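Student: I would like to go through this structure one question at a time. Please show it first.

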Amino acid sequence: MPTVQGAVGPVVRRLRAVPFEAVFWTAALLAAASTAPQASGGINLCLIEQLGLPCPGDGLGTAIAHLARGHWTASWNAHPLAGPVVGVLAVHVVSLCRTAPAPSH
């Protein structure tokens, strides 16, 4: 009779084979998508802006949050490159997972 451990083992091995970078980018996209787009404040991670220069990524997190909610115009107005950024990162995550070594048994 199969045990729960026998069924869960392959799943755990497969999850451990996922590269850390793929987990990082997936978590970053999910975090950006789950924020409230109209929320004020938040943390500013842009080092360029900390130097007093305009940040090229300003509004990207807000745009991704709008994009996740289907607010296309608001996303475009916040940052026109949100769609391509999400697409490139999604393709990169899939590529990382496909090229990861197979889990050992």
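Student: Which helices do the buried residues of α2 pack against?

Tutor: This is a predicted model, in which local features need pLDDT of at least 70 and side-chain atom pairs count only at pLDDT 80 or more, while totals for chains, interfaces and linings use all residues. Residues are numbered from 1 along each chain as its sequence is written, and side-chain values use heavy atoms, with hydrogens and water left out. Helices are DSSP runs of H or I with at least four residues, numbered from the N terminus; buried means under 20% relative accessible area, exposed over 50%, and partly exposed in between, with a 1.4 Å probe and protein chains only. With contact taken as heavy atoms within 4.5 Å, the buried residues of α2 pack against α4 and α6.

Student: Why do the buried residues of α2 lie on the same side of the helix?

Tutor: The buried residues in α2 are Ala-22, Leu-29, Ala-32 and Ala-33. They are on the same side of α2 because the arc they cover around the axis, taken from the directions to the C-beta atoms, is only 105°.

Student: Which exposed residues are on the face of α2 turned away from its buried side?

Tutor: An α-helix has 3.6 residues a turn, so residues three or four places apart point the same way. The face of α2 turned away from the buried side carries exposed residues, and these are Phe-20, Leu-30 and Ser-34.

Student: Which element gives the most residues to the lining of the largest pocket?

Tutor: A pocket is an open set of points on a 1 Å grid over the protein atoms alone, where a 1.4 Å probe fits, with protein on both sides within 12 Å along at least five of seven lines; lining residues have an atom within 4 Å of a point. The elements that give two or more residues to the lining of the largest pocket are α2 (20-34), α4 and α6 (82-99). With five residues, the one that gives the most is α2.

Student: Is His-66 buried or exposed?

Tutor: His-66 is found in helix α4, residues 60-68. Leaving out residues up to four places away in sequence, His-66 touches Pro-37, Gln-38, His-71, Ala-74 and Ser-75. Because its relative accessibility is 8%, His-66 counts as buried.

Student: How far apart in space are Ala-90 and Thr-26?

Tutor: Ala-90 is found in helix α6, and at 35% relative accessibility it counts as partly exposed. Ala-90 and Thr-26 are 64 residues apart in sequence, and their C-alpha to C-alpha distance is 7.9 Å.
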